[in-house]
Amino acid sequence: MYWPLGAPKAYSLSKHATAPPTTLHSDDGVGTSGASVATTRSGLGGAAIEEAGSVKGDTQRNGTQTNGGDLPDGSSNEILSAKLTRGGDIFATITRSTLTVWQAKPTVALAAVVRSAQSMKAYGANCALLVQPAALVIVVQTVLGYLITYSLVTDPQALVYRLQLPESYGNGGGNGTCRRASSASLADLGSGESDGISEVTLRFRMVIRIDAGISTALALDDELVVATRMPAALQRIRWVAEEGTPQTSTELISSMPWYSSADAIVEMVYDRPMNLTCWISEDGKAFVVQGRSRVSISSSSKDPERSSDAAVKVAINARFSLIAVGCADGRVDVYTVKDYSGNVPFSHKHHAQATLPSTGRLTHVEYSPDGYCLFVGYERGWSMFSVYGKTLSSSFSSDRSLTVANDERWLYGGVREAFWLGGGCELAILPQRDDRLWILEILRSAATGCLAAPENLSRGLLQGSAIVAYYIGHHTPDVTSLPSDVSLWQTVQLPAVYLATQWPIKTAVISPDSKYIAIAGRRGLAHYSIASNRWKTFADDPVAEQAFAVRGGLCWYLHHLIAAIETENTSGVGGKKFSVRVYSREKALQQRSAVWEEAIDAPVILLTISRGSGGDSLLVYTYDNVLLHYIIAPSTSNNNAVKLVQVGQIGFHGIIRAPPRVRALSWILPDQQVESGDPARDVATATVVFLVDGKLVLLQPGSNGEGDLKYDMRVIAQGVEYYLLVRDQAEDGGPKASAEEHDTAARLPLNGAASDHILRDSLWYFDGDSYNVWPDLQDVLASAPSELARDLPAPVRIPLDFYPLSPSPTTGLAHGLDTELTQRRDFPLAFYRPPQTRTQLFLAPLLRHYLASYNSPAAQHLAASYTQLPYFAHALEVLLHDVLDAEVDRPPSGMETTLLPTVVSFLSSFPAYLDIIVKCTRKTELRSWKTLFACLPPVQELFEQSLELGKLKTAAGYLLVLHAMVVEEEEEEEGFRIREFGRLLGLAVAEGDWELCGELARFLVGVDGGGGTLRKVLAEAGLGDDDGPAGTGDEMNGVALLDQSATQPPTGPAVQRASRNPHESTPEHTADYFSRGPDG
């Protein structure tokens, strides 16, 4: 769900500053009794240089010759480490002698401490960096085993730089504070720059000497944990000493009986939401530590003799309860944390798209803040994966010679460290042996921030740092007929006024009819009309915008925006208040513009509208593990407004243990309840679908012995990135409802894609590799109750070579995106183009599933829904290809297990049957023909049927198949060719199909360059005689065509397998039965 976009920006500390920097030098307490202070008011002046391109190899940067992009080993300008604070607004970097503090937005260096020569000699050069999560303390580790600590103090009221704007901009630059004086001044600021550039103070605290040698260290909120080497131990140093307790404590590794390694700890990672710590020992074993529960998870413990299995890096994904362990051979093993009692089984693997010699050693692993993307850094590049394994992007596809020539080390220079900015909308990459930090913009699916809104997937919405893009192909009758350079995505620039104050954007949603878009950042919200191309924001009422934040998501109901709101409690008792508000697109955004507000007792985790179960049901799931059910009804006071009426609620106590881990929710009502049932009874009849971590959970209602409502829970799928209920999708043409239809309170029937389609009750989910679909969810519901002890029906697997966004049941296509790195020799920058739309037919696997289950009526019903599509015949051809290849490669044990005759019988019921067979034959190898035609009538009979139906080009294809399959004597074969070619040529002349006539003539001349065969065929067709002039063949010799497969078995590329992509399918009107010979 993550794709790089554009070219990165490079930031470097250069001595060519726009103003003299006030860099401070520190002895770090050497030779003094007190602590020295390092404070700067103007930071580094213009030291943060944003490089619009790349630096050439012969240029000077920071006073050091770049030498082809590589800094000399041990260069004082090389950035050794970079760490981001928990808040994400400040990060720090170090070189051998300098500590620098940066602001994320705008990206600028605020302050720096340069260690003096005396400090360098006493303590050694910098080698590692630690930042307390709260950004109060920064620790620099030195090569001589010292820890130098600094206090970091920020003053939000004191700003460093003065923004100078022309006088015509009003008061936008008069006070120089970058405050929100007016919307005009904000429009001139970048994303997140309204607060200006804060003043930062760095104060030296103390130097800590670790005599036992530092192996690694970890900075926590209240203490510093240091792993030592001699002896192997853990030392804990509290930031602030408490009275009555020692400030330091030591625990020997040998005193931990569960620690199965004799070596020191070399890597430690802590995750606050899960309260877990991961360790890696020097011999490559990995451990999970939580309180007193500790368990080994490293694959090296299974095979300790294999050095390639040794763990080298680790990352924790709290959103999905996963732990990623990077191994020495470059792969990443991922484990699932099922509980805190040591149950951490293996889940899946990530493999780089290159060999180990090409990638180099694995150096870094990092999950995105929302957990949907895994970034893996290597010595020579990097890769990005979806959470369960689909490759999203990689630098290994770049042209290394160009990247080296352009000094683009973000592509080829390897990865020392990386971190995410803006909640995942930007990625900062620190290459090895480089003095620049590269920040790459990321485009991601809006479902990563609001998966509970299925429209973000089914309608297609992407969000970037300052843009959103929505899919417009739903209104195109046949997207496969469009040129490849036509974009099906429309980009919308986010309002600069809102971005300046509320960046980053955390939530974005699109309406089911693709008419409206809404976004929410740190505070407030904004919405956009696609028809009018206008945004509505709180620009005229900034106080109202700052008064609330969206926590729990957004969704659209017609032209009304429903938002889960969190506000400060102003009643004097403290805390926060929670509610659900309804805004109308037709009203301006201001203090009291909400048309309805419903108070909620607990914070909202997610909200969604169940469109397939009435269309007017709002589901709100809260942190107290309660699902609230509201009906969206017309307002009695305003005909153009709506209100929320609560009709029920469900408590899931004892069923769902961790409510915040629920990522999406749907429910399924029986059709009778939807059409005529009482809404108050919905909670008693609804089947609830939850996505918890990566598990798809089904909750079915029932009653206990006392008649009380109970739920039967069953996990129906594992490793799920997202799921879609087709009944919750709107029709591709858009819903028929309008804003004026609020005058009725009647419950809406099923509409859109879920109305009368055979797949209206299908459930789709993506597992990181393929789409998996249950064509009829009722089969799953019937098998799910645990008391039945029945296995669930197996889902249909649809492999994909790109990342899918949603299936389209009305077109039979799975839509997705793929990214591409663009490099040109006449342009010095490599950049990622906007992701390109990819499509793939999913009919073939579904039809094969029905036919393999001996359910031909269901296959016929499914096919009947797509017969009007221009690529329907191609879908059937793909089905035949798949089954034929499977039976040729793995012959069935008997006739009762073979599927090919069933498929051929199924295809014979369609008018394109003869075309499908001949196309499949011409695009497969000759060795497969025997298997195929064992299930078919003789080829001669198929040829005759084609002639009877007037399908001359199809008949020509069968004629060439006959030509290749004949094993009789040459004289008889020649006689056969003359007779059949003559009949076909005569019919083509009679119908005026001169294109086919010319192709037949070229083919015959290619077979017999003397023209004798052509003269005989002309005579057979009644167009000449055998003794015609020899020049007949000579005149056509210049354009002769030779079909290789007509004279010898096809080899290599002469016989191609049918493309699975409708864009690459063979058009019906072209004659693809003849291929150019060497003489043409």
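This is a predicted model: local features need pLDDT of at least 70, side-chain atom pairs count only at pLDDT 80 or more; totals for chains, interfaces and linings use all residues.

Student: Which peptide bond joins Trp503 and Pro504?

Tutor: A cis peptide bond, with omega about 5 degrees. Another cis peptide bond links Lys105 to Pro106, where omega is about -15 degrees. Pro106 sits in the loop between strand E9 (98–103) and strand E10 (108–115).

Student: What is phi for Ala135?

Tutor: Ala135 is not a glycine, yet its phi is positive, about 65 degrees. Its loop runs between strand E11 (126–131) and strand E12 (137–142).

Student: Is Ala135 buried or exposed?

Tutor: The cut-off for buried is under 20% relative accessible area. Ala135 has 14%, so Ala135 is buried.

Student: How do I read a sheet, and in what order do the strands E49, E50, E51 and E52 stand?

Tutor: Read the order of the strands, then the sense of pairing. Here the open sheet has the order E49-E50-E51-E52, with antiparallel pairing. Strands E49 (662–668) and E52 (709–717) are at the edges with a single partner strand each, so one side of each has no neighbour in the sheet. From one strand to the next, the twist averages 25 degrees.

Student: Over how many bridges do E51 and E52 pair?

Tutor: Strand E51 (residues 695–703) pairs with E52 over eight bridges, in the antiparallel sense. Val697 stands opposite Val715 in E52.

Technical notes
Residues are numbered from 1 along each chain as its sequence is written. Side-chain values use heavy atoms; hydrogens and water are left out. Two strands pair if DSSP finds at least two bridges between them. Helices (H or I, at least four residues) and strands (E, at least two) are DSSP runs, numbered from the N terminus. Axes are lines fitted to C-alpha atoms, for helices over the stretch in contact, and angles run from 0 to 180 degrees between N-to-C directions. Buried means under 20% relative accessible area, exposed over 50%, partly exposed in between (1.4 Å probe, protein chains only).
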